[in-house]
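Here is a short briefing on one protein–DNA model.

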There are 2 protein chains.
Amino acid sequence: MKINEVSKKYHIASDTLRYWERVGAIPAVTRDSAGYRNYDNEDLDWVSFAMCMRDAGVSVEYLIDYISLFKQGKQTVQARKELLNDQLEIVSARLAKMQKSYNKLKYKVDHYEKIDKDYEGKMGKH
Amino acid sequence: MKINEVSKKYHIASDTLRYWERVGAIPAVTRDSAGYRNYDNEDLDWVSFAMCMRDAGVSVEYLIDYISLFKQGKQTVQARKELLNDQLEIVSARLAKMQKSYNKLKYKVDHYEKIDKDYEGKMGKH
DNA sequence: ATAAACCTTAGAGTGGACTTTAAGGCAAGA
DNA sequence: TCTTGCCTTAAAGTCCACTCTAAGGTTTAT
């Protein structure tokens, strides 16, 4: 699968795909004889993984660390698992915070007319 | 309440509080005779609101638009409510996306040993 | 009275994550 | 064969949201 097809299928800029590969947020992508990227299933799995992590708010730097461990092979399985677990907790906290914010926002919208004081507190009535 | 007290109470940098006010992401804060910021309850409500929105992933630019409408008074109530509703939907979508990512990540961690193929696919066995 | 610890502003600097540009190679259709 | 459109890299540029610096005014404690 060429980069532009991947871009369309996954709704992600091809520039971003190249960027992720360049900095090491995904492992090196398979190439064809012309040197063009030719994403196989495994490459696509890494793209999905990176997108998933980014959607969850995980930093590119973290992805780089993770992939770096992955490239070092089996002996890093435990370290990788721990890294994932750390991120899992962070994501979970972020999710809870967002949920709380969403609820507050929802409440505000639902009670808008009642809540709004419309600057009268500061501007005085006129 | 002075800026540093607000900073400590809300766990937010005073630079950020000044920045939000400067760009108009919150309305102008009450000042004392020396020109120092002296946050009253209403000012604090705006700080909470901005923090809540930022936590939900809402952009500073959106906050500026919202506060701009607010400053124009009662005739913008409907427009503001619509803006909030738009953001509510966007936040809701982001939340769902994050939840999905979290679930995938959780699954990956829980099944780590089974899932990991450890680069053998590409590097061959040795 | 004077030093330490606050506060102010304008403007410059930073970090993260892309995104664009420049200069060029490859491939498929007319 | 030529043109259109894809692909490549390295490097520079952009955008967002802060964050810091410089230069100076105020308040508080000794």
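A residue counts as buried when its relative accessible area is under 20%. By that rule, Phe49(A) is buried, and Tyr66(A) is buried too. This is a predicted model.

**Around DNA strand C**

- How many residues surround DNA strand C? There are 19, and the closest are Asp15(A), Tyr36(A), Arg54(A), Asn4(B) and Arg37(B).
- Sugar and phosphate make up 74% of the atoms of DNA strand C that come within 4 Å of the protein.
- The side chain of Trp20(A) has an N or O atom 3.3 Å from a phosphate oxygen of DNA strand C.
- The largest share comes from α2(A), with five residues.
- By type, the surface near DNA strand C has seven nonpolar, four polar and eight charged residues.

**Around DNA strand D**

- Which residues come nearest to DNA strand D? Of the 18 around it, they are Asn4(A), Arg31(A), Arg37(A), Tyr36(B) and Arg54(B).
- Of the atoms of DNA strand D within 4 Å of the protein, 74% belong to sugar or phosphate, and the rest belong to bases.
- An N or O atom in the side chain of Arg18(A) is 3.1 Å from a phosphate oxygen of DNA strand D.
- For Trp20(B), the distance from a side-chain N or O atom to a phosphate oxygen of DNA strand D is 3.4 Å.
- Val60(B) uses its backbone: a polar backbone atom is 3.4 Å from a phosphate oxygen of DNA strand D.
- At least two residues of the surface near DNA strand D come from each of α1 (3–10) of chain A and α2 (14–23) of chain B.
- The element that gives the most is α2(B), with five residues.
- The surface near DNA strand D divides into seven nonpolar, four polar and seven charged residues.

**Aromatic rings**

- A pair of aromatic rings is described by the distance of the centres and the angle of the planes.
- Over all chains, the whole structure holds eight aromatic pairs.
- One of them joins Phe49(A) and Tyr66(A); it is tilted, with 5.3 Å centre to centre and 45° between the planes.
- Why does this pair tie together parts that are 17 residues apart in sequence? Phe49(A) lies in helix α3 (residues 41–55) of chain A, whereas Tyr66(A) lies in helix α4 of chain A.
- In chain B, Phe49(B) and Tyr66(B) form a tilted pair, 5.3 Å centre to centre with 45° between the planes.
- That pair links distant parts of the chain: Phe49(B) is in helix α3 (residues 41–55) of chain B and Tyr66(B) is in helix α4 (residues 60–71) of chain B, 17 residues apart.
- Phe49(B) and Tyr66(B) are both buried.
- One aromatic cluster is formed by Trp46(A), Phe49(A), Tyr62(A), Tyr66(A) and Phe70(A).
- Charges sit over rings as well: the charged end of Lys108(A) is over the ring of Phe49(B), 4.6 Å from its centre.
- The charged end of Lys108(B) sits over the ring of Phe49(A), 4.5 Å from its centre.

**Helix α4 in each chain**

- α4(A) has 12 residues and reaches 16 Å from its first C-alpha to its last, close to the 16 Å expected at 1.5 Å a residue.
- Which residues of α4(A) are buried? They are Val60(A), Tyr62(A), Leu63(A), Tyr66(A), Ile67(A), Leu69(A) and Phe70(A).
- After α4(A) comes Gly73(A), with a positive phi near 95°.
- The end C-alpha atoms of α4(B) are 16 Å apart, which agrees with the 16 Å that its 12 residues should span at 1.5 Å a residue.
- In α4(B), the buried residues are Val60(B), Tyr62(B), Leu63(B), Tyr66(B), Ile67(B), Leu69(B) and Phe70(B).
- Gly73(B) follows α4(B), and its phi is positive, near 95°.

Methods
Residues are numbered from 1 along each chain as its sequence is written. Chains are lettered from A and ligands numbered from 1 in the order in which they are written. This is a predicted model: local features need pLDDT of at least 70, side-chain atom pairs count only at pLDDT 80 or more; totals for chains, interfaces and linings use all residues. Side-chain values use heavy atoms; hydrogens and water are left out. A residue is near a molecule or strand if one of its heavy atoms lies within 4 Å of it. A polar contact is a pair of N or O atoms within 3.5 Å; within protein, one must be able to donate a hydrogen and the other to accept it, and residues adjacent in sequence count only if both atoms are side-chain atoms. Helices (H or I, at least four residues) and strands (E, at least two) are DSSP runs, numbered from the N terminus. Ala, Val, Leu, Ile, Met, Phe, Trp, Tyr, Cys and Pro count as nonpolar, Asp, Glu, Lys and Arg as charged, and the others, Gly among them, as polar. The expected span of a helix is 1.5 Å times one less than its number of residues. Buried means under 20% relative accessible area, exposed over 50%, partly exposed in between (1.4 Å probe, protein chains only). Rings of Phe, Tyr and Trp (its six-membered ring) pair if their centres lie within 6.5 Å; planes under 30 degrees apart count as stacked, over 60 as edge-to-face and the rest as tilted. A charge sits over a ring if NZ of Lys or CZ of Arg is within 6 Å of the ring centre and within 35 degrees of the ring normal.
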